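Dear colleague,

Please find below the structure that I am handing over to you.

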Amino acid sequence: MQYWLFKTEPDAFSIDDLANMPNQTEHWDGIRNYQARNFMRDQIKQGDQVFIYHSSCKDVGIVGLAEVVKEGYPDHTQFNPEAKYYDLKSSPDNPRWYMVDIKFKQKFATLLPLKTIKEMADINEIGLVKKGGRLSVMPVIKTEFDLLLSCCQTTN
DNA sequence: GCCAACGTTGGC
DNA sequence: GCCAACGTTGGC
């Protein structure tokens, strides 16, 4: 099992939106970065645990937990000329962009702010605190995932 | 294949 | 809204 962090802008799609979806499951479309795409296509597996992180908003930080329920498959929005994430250069024969499905597991009573994460002495590897923190999909090592999760759950 | 210009992300 | 840090594009 592996661990990940997915960013989302809560104005567009929040942890609450995920919780309110049918079956509390949604496909994570709109990833248009090659490094993130490679994670989606090749590495993210069913059962993997995913932190949901709210970015570009008033309260920035980890807000909840989800689980991967479907592994990488082509992101259909790339083929739709009407869609925001349409990609002229991609075709169904050779899709450029992939997505996974995730299912809501838990919303934390209080979010774990980015500021706090940066201040934690034992959190040094997660992309949020390093260069390259702009990736919208990033791996989290088990030790840091466990630490962050316990932090989220004890502050409840 | 280099690299300048441009676009995007995302914290503040 | 600003701006730093990246990522992508495209001319050469």
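Does Q49 count as buried or exposed, and why? The model is a predicted one, and in it Q49 has a relative accessibility of 9%. Buried means under 20% relative accessible area, so Q49 counts as buried.

The place of Q49 is in strand β3. Leaving aside residues up to four places away in sequence, Q49 touches M1, Q2, Y3, W4, L65, A66, E67, K105 and F145. One of these, E67, is also the bridge partner of Q49 in β4.

The strand around Q49

Strand β3 covers residues 49–54, and six of its six residues are buried. In a regular strand the side chains alternate between the two faces of the sheet. In β3, Q49, F51 and Y53 are on one side, while V50, I52 and H54 are on the other. Both faces are covered, with these residues all buried.

Strand β3 has a neighbour on either hand. Strands of a sheet pair through backbone hydrogen bonds, either parallel or antiparallel. With β1 (residues 3–8), strand β3 runs parallel, and six bridges join the two; F6, for example, has I52 of β3 as its bridge partner. With β4 (residues 61–74), β3 pairs in the antiparallel sense, again over six bridges. The hairpin of β3 and β4 has six residues between the strands, and there S56 takes a positive phi near 50 degrees.

The whole sheet

The sheet is open and has six strands, in the order β2-β5-β4-β3-β1-β6, with mixed pairing. Strands β2 (25–27) and β6 (137–140) stand at the edges; each has a single partner strand, so one side of each is left without a neighbour in the sheet. From one strand to the next, the twist averages 35 degrees. The partner of β6 is β1: the two run antiparallel and are joined by four bridges, with W4 standing opposite P139 in β6.

Two helices pack on this sheet. Helix α2 (residues 34–43) touches β1, β4, β5 (98–113) and β6, and its direction makes about 110 degrees with that of β5. Helix α4 (residues 142–154) touches β1, β3, β4, β5 and β6, and its direction makes about 45 degrees with that of β5.

A buried loop residue

D75 is found in the loop between β4 and β5. At 0% relative accessibility, D75 counts as buried. Its side chain makes a polar contact of 2.6 Å with the side chain of T77. Not counting residues up to four places away in sequence, D75 touches D29, G30, I31, R32, W97, Y98 and M99.

The DNA strand

Which residues are around DNA strand B? They are K7, Y53, S55, S56, V60, L114, K118 and R134. Of the atoms of DNA strand B that come within 4 Å of the protein, sugar and phosphate account for 82%. The residues of this surface divide into three nonpolar, two polar and three charged.

- Y53: an N or O atom in the side chain is 2.7 Å from a phosphate oxygen.
- K118: an N or O atom in the side chain is 3.5 Å from a phosphate oxygen.
- R134: a backbone N or O atom lies 2.4 Å from a phosphate oxygen.

Yours sincerely,

A colleague

How values were computed. Residues are numbered from 1 along each chain as its sequence is written. Chains are lettered from A and ligands numbered from 1 in the order in which they are written. This is a predicted model: local features need pLDDT of at least 70, side-chain atom pairs count only at pLDDT 80 or more; totals for chains, interfaces and linings use all residues. Side-chain values use heavy atoms; hydrogens and water are left out. A residue is near a molecule or strand if one of its heavy atoms lies within 4 Å of it. A polar contact is a pair of N or O atoms within 3.5 Å; within protein, one must be able to donate a hydrogen and the other to accept it, and residues adjacent in sequence count only if both atoms are side-chain atoms. Ala, Val, Leu, Ile, Met, Phe, Trp, Tyr, Cys and Pro count as nonpolar, Asp, Glu, Lys and Arg as charged, and the others, Gly among them, as polar. Buried means under 20% relative accessible area, exposed over 50%, partly exposed in between (1.4 Å probe, protein chains only). Two strands pair if DSSP finds at least two bridges between them. Axes are lines fitted to C-alpha atoms, for helices over the stretch in contact, and angles run from 0 to 180 degrees between N-to-C directions. Contact means heavy atoms within 4.5 Å.
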